[in-house]
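Hi,

Here is the structure I promised to pass on. Have a look at it first, and then read my notes below.

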Amino acid sequence: MSLDLISSHRCFDGTQRVYSHKSDTLQCDMRFGVFLPPAASIHPVPTLFWLSGLTCTEQNFLTKAGAQRASSALGIALIVPDTSPRGPGIPDDEAYDFGMGAGFYVDATRAPWSTNYRMYSYIVDELRTLVAAQFPVDPARFGISGHSMGGHGALTIALRNPSLFRTVSAFSPICAPMQCPWGEKALTGYLGDDRTQWSKYDAAQLMLEDGWAGPQILVDQGDADEFLTTQLKPDLLVEAAARGDVPLNLRRRAGYDHSYFFISTFIASHLEHHACHLAA
């Protein structure tokens with residue numbers, strides 16, 4: 001698959017790049033960021049996929065999270081895709097929480113979204129395969145993480161694909177989208193009114209149904225998050241993990257909100273979590 005290099009910068013002795021490619025899954029051009037640590041010039045490295053939240057592109061994490069320093073020191077690559085298909089002819093919505101910038105990491109089945117909005121398959125199949133083929137990474141050592149909508153995506157993708165993504169963590173994830181306004185809107189719009197089709201995109205529900213045999217799931221949640229009780233509902237994830245016997249470490253962070261100030265404060269500990277469990 002052909003990649004077009006958009007930008008390249010030396011960063012903490014590694015390289016931060018952004019690429020564009022034509023996505024067969026999404027039927028449009030897509031961008032993603034790649035940080036390769038210096039260790040990647042010597043041997044294939046473990047890799048963390050990062051999924052961003054509502055309204056974000058790949059740039060939010062690359063420029064605000066400050067992840068490259070720890071990634072370089074730990075020898076772990078970072079893959080940072082956009083959050084939705086974009087471009088001329090791609091369906092959109094005026095609201096910030098649906099359409100472009102709000103792909104919700106599902107495979108839409110409802111017109112007009114079903115042609116392009118297939119972010120689940122894009123991450124799990126197309127992008128994962130592309131990364132394994134094009135970069136000096138070890139495909140047996142992939143992990144996944146994300147924030148808010150992306151935290152939801154990371155949890156659901158890992159829970160459904162434990163053989164592909166060995167580790168998972170999240171910041172402020174939408175824990176039970178079947179039970180919050182953001183989730184109900186997105187799942188209805190992309191999948192329709194049949195709630196039986198929603199459960200495979202709900203982390204709390206997946207923990208109850210399928211469990212998780214991998215290492216402990218790490219979640220950080222700020223207690224000053226403005227979306228805590230209305231949209232994120234971490235208590236539902238804790239309850240589901242207990243009932244499903246899923247190893248979960250949900251750390252409640254006093255005074256922290258939903259912003260990238262929160263993510264940048266604790267991103268190094270998440271990278272350490274993944275690097276430890278993805279070590280050869």
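A quick word on terms before the helices: an axis here is a line fitted to the C-alpha atoms over the stretch in contact, and the angles are taken between N-to-C directions, from 0 to 180 degrees. Bear in mind that this is a predicted model.

Two packed helices are described by the angle between their axes and the distance between the axes. For helix 6 and helix 8 (residues 234-244), the axes come within 8 Å of each other and cross at roughly 5 degrees. Angles under 35 degrees count as roughly parallel, so helix 6 and helix 8 fall into that class. On the helix 6 side the contact is made by Ala-203, Ala-204, Met-207 and Leu-208, and helix 8 brings Leu-236, Leu-237, Ala-240, Ala-241, Arg-243 and Gly-244. By class, that contact has eight nonpolar residues, one polar and one charged.

Helix 6 (residues 203-210) also packs with helix 4 (residues 149-160), at about 20 degrees and with the axes 9 Å apart. These two helices are therefore roughly parallel as well, and helix 4 passes helix 6 in a left-handed crossing. Leu-155, Thr-156, Leu-159 and Arg-160 of helix 4 meet Ala-203, Leu-206 and Met-207 of helix 6. Five of the residues in this contact are nonpolar, one is polar and one is charged.

How much space lies in the largest pocket? About 230 Å³. It is lined by 14 residues, and the closest to its centre are Leu-54, Thr-55, Cys-56, His-147 and His-258. The lining has six nonpolar, seven polar and one charged residues.

Finally, two backbone details to look at while you have the model open. Most residues other than glycine have a negative phi, and most peptide bonds are trans. Asp-13, in the loop between strand 1 (4-11) and strand 2 (14-23), has a positive phi of about 65 degrees although it is not a glycine. The bond joining Ala-111 and Pro-112 is a cis peptide bond, with omega about 0 degrees. You'll find Pro-112 in the loop between strand 5 (77-81) and helix 3 (119-134).

Cheers

Methods. Residues are numbered from 1 along each chain as its sequence is written. This is a predicted model: local features need pLDDT of at least 70, side-chain atom pairs count only at pLDDT 80 or more; totals for chains, interfaces and linings use all residues. Side-chain values use heavy atoms; hydrogens and water are left out. On a 1 Å grid over the protein atoms alone, a cavity is a set of points where a 1.4 Å probe fits but cannot get out, and a pocket is an open set with protein on both sides within 12 Å along at least five of seven lines; lining residues have an atom within 4 Å of a point. Grid points are joined across faces, edges and corners, and a volume is the space filled by probe spheres set on the points. Ala, Val, Leu, Ile, Met, Phe, Trp, Tyr, Cys and Pro count as nonpolar, Asp, Glu, Lys and Arg as charged, and the others, Gly among them, as polar. Helices (H or I, at least four residues) and strands (E, at least two) are DSSP runs, numbered from the N terminus. Angles under 35 degrees count as roughly parallel, over 145 as roughly antiparallel, 65 to 115 as roughly perpendicular and the rest as oblique. A crossing is left-handed if the near helix is turned anticlockwise from the far one by less than a right angle, and right-handed if clockwise. Contact means heavy atoms within 4.5 Å.
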